[in-house]
Amino acid sequence: MFNVPGGRILAAADTIAAAYYRERERLVADQAASLARPLCRIDLASADVANVQSVVTPEVTGQRIGMVLVYRAARVPGQPVEAVSLVDVASPTLPQGWARGSADRLAARAVSGAEAAPSVEEPLAAGGVLKHVATAVRNGAGQITGVVVASDYLSGDLAERARRM
């Protein structure tokens with residue numbers, strides 16, 4: 001029989017949770033970047049929503065990511081560039097009750113070019129967190145034309161253990 005001290009078991013569980021959390025975070029960032037590549041060939045300012053959905057929906061239905069939000073960059077002379085929601089695709093298994101504001105603010109930061117790949121965690125009332133990662137969509141000239149926000153759900157226990165590490 002095994003006789004392993006409880007503290008070592010809990011420490012190992014925390015380490016595993018933290019490693020899984022970091023891996024999921026990396027995968028969400030990779031998915032956002034992966035989705036930005038084909039979207040750069042679409043004129044998001046005048047895009048047919050169906051074209052954008054055809055790019056992002058397989059990533060969600062294939063269960064690679066929990067949710068994808070696509071924004072277009074809206075430019076008005078003399079005003080800061082604005083991120084305008086274009087397409088939202090979410091898995092039906094994603095917990096309800098998330099606030100759109102955190103993803104919108106993240107997209108606004110990304111569309112301004114302030115950060116290469118900003119991210120944020122959104123705690124959910126039911127427990128757990130949504131990890132949002134934003135990646136700018138750039139045209140051939142390097143101009144930001146939109147933003148992809150990829151999100152994934154981490155359960156309450158996993159998120160809490162990972163946060164402690």
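Visitor: Of the 21 residues in the largest nonpolar core, which touch the most other members?

Guide: This is a predicted model, in which local features need pLDDT of at least 70 and side-chain atom pairs count only at pLDDT 80 or more, while totals for chains, interfaces and linings use all residues. Residues are numbered from 1 along each chain as its sequence is written, and side-chain values use heavy atoms, with hydrogens and water left out. A nonpolar core is a set of buried (under 20% relative accessible area, 1.4 Å probe, protein chains only) Ala, Val, Leu, Ile, Met, Phe, Trp, Tyr and Cys residues joined through side-chain atoms within 4.5 Å. The members touching the most others are Leu39, Val52, Val56, Val68, Val70 and Val148.

Visitor: Which element gives the most to this core?

Guide: Helices (H or I, at least four residues) and strands (E, at least two) are DSSP runs, numbered from the N terminus. At least two core residues come from each of α1 (6-39), α2 (49-61), β1, β2, β4 (129-138) and β5. With 5 residues, the element that gives the most is α1.

Visitor: Which residue in β5 stands opposite Val68?

Guide: Strand β5 (residues 144-154) pairs with β1 in the antiparallel sense over 6 bridges. In β5, the residue opposite Val68 is Ala150.

Technical notes
Pairing = 2+ DSSP bridges. Buried < 20%, exposed > 50% of the residue type's maximum accessible area, 1.4 Å probe, protein only.
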